[in-house]
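User: I would like to go through some of the labels used for this model and ask what stands behind each of them.

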Amino acid sequence: GSSIEGRLLIDGNPVAHKPIAISPRIGMSSSTQINTDENGRFRFYGLQANKQYVLFTPCDWSQLAESITKEETDSFVLKSRTITTNGSGETTQLGDLPLEPGHTVRGQMILPNDSADFANIKVVLWRDPAWDWIDVPVTADGKFELASVPSEVYTVSVRSAKYEIDGTKLKYQVFGPSSFGIRLKSENAATSIAIPLRLVTE
């Protein structure tokens, strides 16, 4: 197969033990995730030759080894990069890849009729083509926060058996009763969104 290798940097300094993942550009294949070595280097083996892949730092750091703490991994991120592998037995050299500060998404659920029943509501943030996502439960007062995600285009989904998104009151592009799209801009450190909900219609 083919391989890809490179190095992650923050302000010119190598980033050790940073999670990084790769997945095929087309198709819903699962991603492969590793951590950089002590010198910030990474290498993915056994990839298909002359094929497009997406390289990214995963949003969900909870799958890391127990020896890696959140504080060591959550501050800086790599935007999704589409890469084409070289021929079989060859290595694609990516060189040094600078990381950028992560983005924070904060939100508030708004229920109909001033209801405060926020139980069993979950928010999922996912991005294509990386096929990467992270989900968080909504707090008792209807708030949620997703920290340290790259500034990219995402689909936000609301998972609830009782409520769905009220697209008539949402300023973002709605994809259906449970999801909408947002673009996180790199010049902003955080984005706040309000998500109006309504009772699920039969």
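**Labels and their grounds**

Analyst: In this predicted model, strand β15 (residues 153-159) is paired with β18 in the antiparallel sense, over five bridges.

User: What makes β15 and β18 a pair?

Analyst: Pairing requires at least two bridges between the strands, and β15 and β18 have five bridges, so they count as paired. Within this pairing, Tyr154 stands opposite Ile182 of β18.

User: Why are β13 and β17 said to stand at the edges?

Analyst: The open sheet consists of five strands in the order β13-β12-β15-β18-β17, with antiparallel pairing. Because β13 (132-137) and β17 (173-176) each have a single partner strand, one side of each is left without a neighbour in the sheet. Neighbouring strands of this sheet are turned against each other by 25° on average, direction ignored.

User: Why is Ser179 called buried?

Analyst: Ser179, which lies in strand β18 (residues 179-183), has a relative accessibility of 11%; buried means under 20%, and therefore Ser179 qualifies. Leaving aside neighbours within four places in sequence, Ser179 is in contact with Thr155, Val156, Ser157, Ile165 and Val174.

User: How do you know that Phe44 is buried?

Analyst: The relative accessible area of Phe44 is 3%, which is under the 20% limit, so Phe44 is buried as well. Phe44 belongs to strand β5 (residues 41-47), and, not counting residues up to four places away in sequence, Phe44 touches a set of residues including Ile4, Ile20, Ile22, Ile34 and Leu55.

How values were computed. Residues are numbered from 1 along each chain as its sequence is written. This is a predicted model: local features need pLDDT of at least 70, side-chain atom pairs count only at pLDDT 80 or more; totals for chains, interfaces and linings use all residues. Side-chain values use heavy atoms; hydrogens and water are left out. Helices (H or I, at least four residues) and strands (E, at least two) are DSSP runs, numbered from the N terminus. Buried means under 20% relative accessible area, exposed over 50%, partly exposed in between (1.4 Å probe, protein chains only). Contact means heavy atoms within 4.5 Å. Axes are lines fitted to C-alpha atoms, for helices over the stretch in contact, and angles run from 0 to 180 degrees between N-to-C directions.
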